[in-house]
Amino acid sequence: MSNFSLIVLLLALMAIGYQLGMVRSRRVATVNPQQKMHSRPHHYGMMVGLWAVIPAFFILVLWTLLAPGVISSMVAAQLPAEALAAEGMNADVIMRRISNLAANFGVVAEAEQWELAAAAYMQQLKSSSALLLTGLMAAIAAAGLFFSYNRIQPELRARHQIERTVKTVLIICSTVAILTTIGIVLSMVGETIKFFSFIPPADFFFGTTWNPRFSTTGVSEGSLTGSQGSFGLLPLLSGTMLVAAIALLVAIPLGLMVAIYLAEYAPANFRATAKPIIEVLAGIPTIVYGFFALVTVGPFLADFGASIGLTIRATSALTAGVVMGIMIIPFISSLSDDIITQVPKALRDASLGLGATKSETVRKVVLPAALPGIVGAVLLAASRAIGETMIVVLAAGNSPTLTANPFEAVSTVTVTIVNQLTGDNDFASPQSLVAFALGLTLFVITLLLNVVALVIVRKYREQYE
Amino acid sequence: NRDTVQVAGSSTVLPFSSIAAEEFGNNFAQFRTPVVGSGGSSGGLRQFCQGVGTNTIDIANSSRKIRPAEVAACKENGVKEIVEVKIGYDGIVFASRIDAGIFKLKPEHVFLAQAAQVPQNGKMVANPYTNWQQIDKSLPDQTILLAIPGSNHGTREVYEEKVIIDGCKSFAEVQALPKAEQNNFCLAMRTDGSVVEIAGDYTETLARLQAQKNAVGVFGLSFYEANRDRIKVATVNGVEPTVDNIIDGVYPVSRPLFFYVKGEHIGVIPGLKEFAEYFVSDAASGFGSPLEAAGLIPLDDDERATILANIRAKKSL
Amino acid sequence: MNNPAKPRILTEQDVTLHGVTKADLAMTAIETNSSGKVKMTARDVKVFYGDNEAIHGVNLDVIENEVIAFIGPSGCGKSTFLRCLNRMNDTIDICRVTGSIKMDGRDIYDPTLDVVQLRAQVGMVFQKPNPFPKSIYENIAYGPRLHGLASRKSELDDVVESSLRRAGLWNEVKDRLDQPGTGLSGGQQQRLCIARSIAVSPDVILMDEPCSALDPIATSIIEELIDELKQNFTIVIVTHNMQQAARVSDRTAFFHLGDLIEIGATNEVFTNPKNKRTEDYITGRYG
Amino acid sequence: MNNPAKPRILTEQDVTLHGVTKADLAMTAIETNSSGKVKMTARDVKVFYGDNEAIHGVNLDVIENEVIAFIGPSGCGKSTFLRCLNRMNDTIDICRVTGSIKMDGRDIYDPTLDVVQLRAQVGMVFQKPNPFPKSIYENIAYGPRLHGLASRKSELDDVVESSLRRAGLWNEVKDRLDQPGTGLSGGQQQRLCIARSIAVSPDVILMDEPCSALDPIATSIIEELIDELKQNFTIVIVTHNMQQAARVSDRTAFFHLGDLIEIGATNEVFTNPKNKRTEDYITGRYG
Amino acid sequence: MTEMNMTPANDPAAENLAPLSKTQQTVARSLNRRHRQEKLFKGVGLGAVVISLTLVAILFINIFAKGLPAFWQSAITLEIYFDPEIIQISEKPVQQPDETENAFRQRFIEWQSEVGMVNFNRLILEGLSNVIPEASERKYRRDSARIVTSGERYALRDMVIENPEIIGQTKTVHLLTDANIDVWLKGNIDRSLPDAQQQLSPKVREWVTMLSEQGIIENRFSFALFMNPDSRSSLASAGLAGAFMGSLYMMLVVIFLAVPMGVAAAIYLEEFAPKNKLTDLVEVNINNLAAVPSIVFGLLGAAVFIGWFKLPMSAPIVGGLVLSLMTLPTVIIATRSTLKAIPPSIRQAALGLGASKMQAIFHHVLPLAVPGILTGAILGVAQALGEAAPLLLIGMKSFVAQVPTGPFEQSTALPVQIFLWQGNELRNFFEARTSAAIIVLLALMLSLNALAIWLRKKYEKRW
Ligand SMILES: Nc1ncnc2c1ncn2[C@@H]1O[C@H](COP(=O)(O)OP(=O)(O)OP(=O)(O)O)[C@@H](O)[C@H]1O
Ligand SMILES: Nc1ncnc2c1ncn2[C@@H]1O[C@H](COP(=O)(O)OP(=O)(O)OP(=O)(O)O)[C@@H](O)[C@H]1O
Ligand SMILES: [Mg+2]
Ligand SMILES: [Mg+2]
Ligand SMILES: O=P([O-])([O-])[O-]
């Protein structure tokens, strides 16, 4: 039976357990009228349902994780030793061949007789394993059901059991975020280490040229295979910072002023309409922004620059930054607006009562008080800016040079990750592996950024509450 | 078990593969239409070599030949039957905006326009050129702005191999360099913004041409064909990039296109073998076929017959 | 509180004894007996929250350099009326004020009047202490800096010190002026707010139940402060604590359900109320 | 705790009068004059907020079906002690309680005791009215539904109606039971909260300044309700209003700075306080 | 400090105004400057709002101006005679009572293949020659084959498969014209360009001009755009149905996975978790996840869901899982801040009535948090819906010529479709289609959001 249908069955069982538990608890209650039941009937029902399902589900998970390993070792134990010796192959490869055969996939060259036998054995083991699992689960579920059913007594704290289960589920959900982080780190660390076996870390972290080359150009000549290009992180980092800084320079003043106006000055219904409209800016696909930057903003900025005697490239850090800034306006405006409205009226009254004008109150009292929240909003926006890819791909000029001039073309870490990863590079070459090193570096940088921000916010929070 | 053929790989091959898949789906009612993914030649091959089983792809498209290292990696992971299928050729052209000057390029012009250092009077000096006319009087009076494919494109490899290296080695100064350093020298690019690497599709190159009148871009032949009203093409060594010229081998910048079939999956994934055969059939990719209409430069009939036979025989690399 | 067990002592006799006229009662008592100059006058002031009339036409004068206490049961409109006096009600969207309130002869609801200036002249201490989340120094310096009252650092330091001294807080905080004002105890915070409001030298200070959140010791400090402040300022104080009203105020006004029921010299109001409801209230019949 | 500084006012006479044994005296005077059965006993209860001791060892009995009032200046620990009685202090992270509190002889801080059940038995009305943002009906029905007190809709309707009637709110809201409870006026909200807590028929009701936000009329309704409720419930009420304490309570306990200074029959405490501080407080010397 | 004014002004109604004290004079002097500042500040705020709204407007105008034309597409109206001479097929199979399902399907597929062998192009050609007599001439064969887009022959085939009765009848059908004709008719190609730069041959241009003057070719609302999956071989029939369904499935996964899980995590972290170093770490970690470039989630998804859990490639389920992981931090952060804002008095009210902590949260706190949770969901889902980068790595940047019927079937997604189309060489055509796809994406996003905003309003009312 497939895992899916097993799960459906379990759910059905849960419903049955629920009913049984309810009925039973009502009967227990009538039998012991002098004693108050600790929990409500539906709590008992739910408890029986959970008892029926959770242990069985646990078995299912465990089995699914362990069974394949057990089966292969059983098959491996069955393999004729002389055949193994004769093949002189490594056992891993043989097992892969056998499991391919068992899954009805072809293998290279004709399969040996003993291989076919092993495959058949494996298939047989698999089907009996499935049977065994179904049986075991049925037994466990029934046991759980009857165990809990019989335990229903007035003093049994069914609600506590349920709440403990729910809390466990909540905890599991909150570990997903952590598991994701671990997953991300794990999926990058190995490749990063491989990358550093090609390129010394110092060259990566402090290198000032980014020119990874093509891992294979001129392979036919054979002369280039040794050449690895340069993998200096700094130009990419400076590009990332430059673009993000410009974006924040655009978004922070605009977003903050929007937030202030909406929260402090605008009439309620204007605010109610304007806010969601501005929020749309965050939902437009980034590729649209990219083309908007490339086709509209870039040439406009270039012409504008020319008219005031500045050389601005059509695709530059400025173009990408400005457009990205537009995209993250709502992150700052909406979140800050919420936070500004949360600043207690008492503070405003205190300032107004001293004879401050509204703007003085906003600037000197409300904004400082809202600062921790605003920092959070800016941080989220900055995160988005650093992690953004498409706009930069299209609008920043994709030129990894170390420059602080916003009118020049630049490239960023994220763009480079995409390029190197989806690129036409050997997947074992440093050109491709560098993507993982870049990803991990960016991860660490944003982590540091967040830690710093948390510390800052904490500091303010202690002062301000 | 999976009943749809899964393809991934080169974005150059993607349109051709998609058309073949669609036609296949329309003509073979008993099979589902194959799903064609992209992600670049290497990306496809990487997935291809992950192993055998339903959650790995059946076919990898590639705008270059599979490399020995990749074959080894494949074998390492149990993918041992790799059937190589060549489907045709692709031309690469230089084009500029329709209202810009007319270019009659030679490889050395392009090299001089993009190199970090150029040979001058026996010495290597930092690239002094900012206008095409400084490179050659026959070229238009236009600021140099080259939009070349990014290093994530298979096209870049052909471009460097057939244009840059070629142009570069025509200089005696370069020939004088030690053999091992020649390529390094040739491929070093100026970083003053005159050369832009395009990581996206040809449309992005086109958009760049639209934004900047002076830009010269690198395109696939079929893309140029479909946009003749907006861009005009440059001759290379005086040869027009046409299908005939490419088939005859007169036009220098062209390359073969491939796909690789996972032999282990043949007979397991329904329609895999049939799709591969259909792809190289005369109806799909011969002369007058939909693929030719889409810009593929077809193989000649003999070559196609051999390849078809290879598929039937599951001839592995 | 005056012991609730003894309310009956107010007799009919008492009332006549204090010679209250009928006219006085009819006008809802504009008490102008006073010795001093009139600082603010309110005539027929009504306040509406939306459609709900919270104050029903109050007439009242505030005399210069006096302490006037507003008492009355919860929800009777004390705070509302107080907030009219420096137009803090403007900050409540649905609030509307009619009638006239003048200060030094000038209508403070005149559209040409600058409300910012008015609030600088009529300071306010709120019911709940609301220090700025800034340092103690900055809390005090905020107003003077805003209005440009001190041009140099040393002047500002002087203003801060003298304000804190007068609020009786200087000794407790002089060593930690740079620490946040929110870190002070409730009573200290309230005194900080008082110091903050006297730092801009207003003419009138409005205090809305300044001691409601305070313990007895803190309360007595604030009461002493009020005593001292009335040398220079006119003070309007709202309190639900009759003992406090009795202790600190020169005159007392009793509000009930949006009406000003009675106003008069404090000792008179407490010992000899003219109105039955006042009597009931101060003797603890309700509230 | 009966103030350790002033144990002397308990004269030998008093002790014999009420038949207190020596042992009891050693326990710092647990006042058990009473006619009724003891419902809750607190012995040497100390409460800490972090390192700060807010209650310094209080001993106190609550008698069944009495109304006991806690009075005392702000911050003296009335609310804190009240919250100990149904373990609402558990919800404050930094709060720690020592000593023993028993209800019907059972330690309520016993780890095996189900705190949820305790709170169903000891209901609480908070200082600030906190209706659920649900309909009036749902506000009342929530508790009975939670505890399965009414199985059918009609039963539930009955519970809702009788609870609202007893809280004196039925006439005002009977036509709008489906409207949000938050839309009621402050006083109505407070009565709603009272109705909500009596709907689950607790044994003891704790009320933390239930009238602080109310006008006189609402106050008197609640006071009448308390009078009525004490037929069936035991009521502990915190108030800063001595008139109220005098009117509604059978016994009064005076707290000061975390100590229980004095406890006794209400008329005795008010007319004849044994402790100087109690006297100062109730005569308005401070507070 | 205060310099009280000494003027005797005993009459309270006196109109001669009392002079101000010295400090108040200083205040009065500062007022002009401060009021100017006030105006400026307010003006800047209003300006910022106006700029932001203008930017929204510009982007929308930009997208709509480009995309709207793609909702209409030129089609030719032809009388098609389903000629029995050309359509020589056997009887449509009917399931026999003794026949198994499988055997019947086999037979039906054989019959379908037989229908597929028919040259439906000939039907079209004959229909064409009714309106263009020259079309059937041998020398114009190439030209006449380029009028109707190639995919329409399958439309005719499907008509026959659907209902073999029509063989022998004449039907009026609207067939999509070739994409190049559409571009030409919409005026996106400069008609004065020389032949060498034109996509259409002179003959075709002549015909098309004539037919559109006669009204035989006209712009019709393009249902194909909504009903068809993507197509490469017949560009004019390319549609969004596949991508739309793919995105929809993914969003369902995100909504049913990321939102509940994020809320659960937020509840635990905010209401239950002890406040210590570990929870600080978790908080930083979640904030940091929000900053991880989306492509990295793609890497993770490929490794975990495809490599480890062996889920199918290119399937919306995997895309949904990856996007869920990506959206999770947004939902958690939004929910946590909402939970923080809910007054503790509500929790205490419930606890005081004898509700357990869990009950207090689920009965009272969560319902109140719904608006904030929905805001988080709006932001998260909008982001997930528009995200393409991580999908590249799990095989969703694919050409899929079928509409998926479930989340486990291969499919593509709207942003990916936008990606693929904007890279198409027939730029004039696809520029518009890309924008049309963006409009559809925005419409999907806005309708998901509208739902959330509606719910948010509904729950907000109760406060
Ligand atoms: N912001 C407001 N919106 C609507 N009604 C209000 C508002 N503020 C006060 N009210 C109403 O106006 C009336 C008077 O309220 P006010 O705050 O002036 O009472 P108060 O005398 O200060 O009472 P307390 O002693 O409780 O502070 C009350 O009925 C109150 O409900
Ligand atoms: N959550 C808390 N954290 C820290 N300290 C607290 C907390 N709650 C109360 N306290 C402190 O405990 C002491 C007693 O407070 P409590 O609230 O019990 O006073 P109260 O007698 O109810 O006063 P009031 O009449 O003002 O309500 C006070 O000093 C107060 O500062
Ligand atoms: Mg008030
Ligand atoms: Mg309290
Ligand atoms: O996608 P490519 O064909 O350029 O590898």
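Student: What makes the pair B:Cys49 and B:Cys74 a disulfide in this predicted model?

Tutor: A disulfide is a pair of cysteine sulfur atoms within 2.5 Å. The S to S distance of B:Cys49 and B:Cys74 is 1.9 Å, so the pair is a disulfide. Residues are numbered from 1 along each chain as its sequence is written, and chains are lettered from A in the order in which they are written. Because the model is predicted, side-chain atom pairs count only at pLDDT 80 or more (pLDDT is the predictor's confidence in each residue, from 0 to 100), and side-chain values use heavy atoms.

Student: Why is the disulfide of B:Cys49 and B:Cys74 called left-handed?

Tutor: The torsion about its S-S bond is about -70°, so the disulfide is left-handed.

Student: What makes B:Cys168 and B:Cys186 a disulfide?

Tutor: The sulfur atoms of B:Cys168 and B:Cys186 are 1.9 Å apart, and the limit is 2.5 Å, so this pair also qualifies. The count comes to 2 disulfides over all chains.

Student: Why is B:Cys186 called buried?

Tutor: Buried means under 20% relative accessible area, exposed over 50%, partly exposed in between (1.4 Å probe, protein chains only). B:Cys186 has 0% relative accessibility, so B:Cys186 counts as buried. A:Cys173, with a relative accessible area of 11%, is therefore buried as well.

How values were computed. Predicted model: local features only at pLDDT ≥ 70, side-chain atom pairs only at ≥ 80, totals over all residues.
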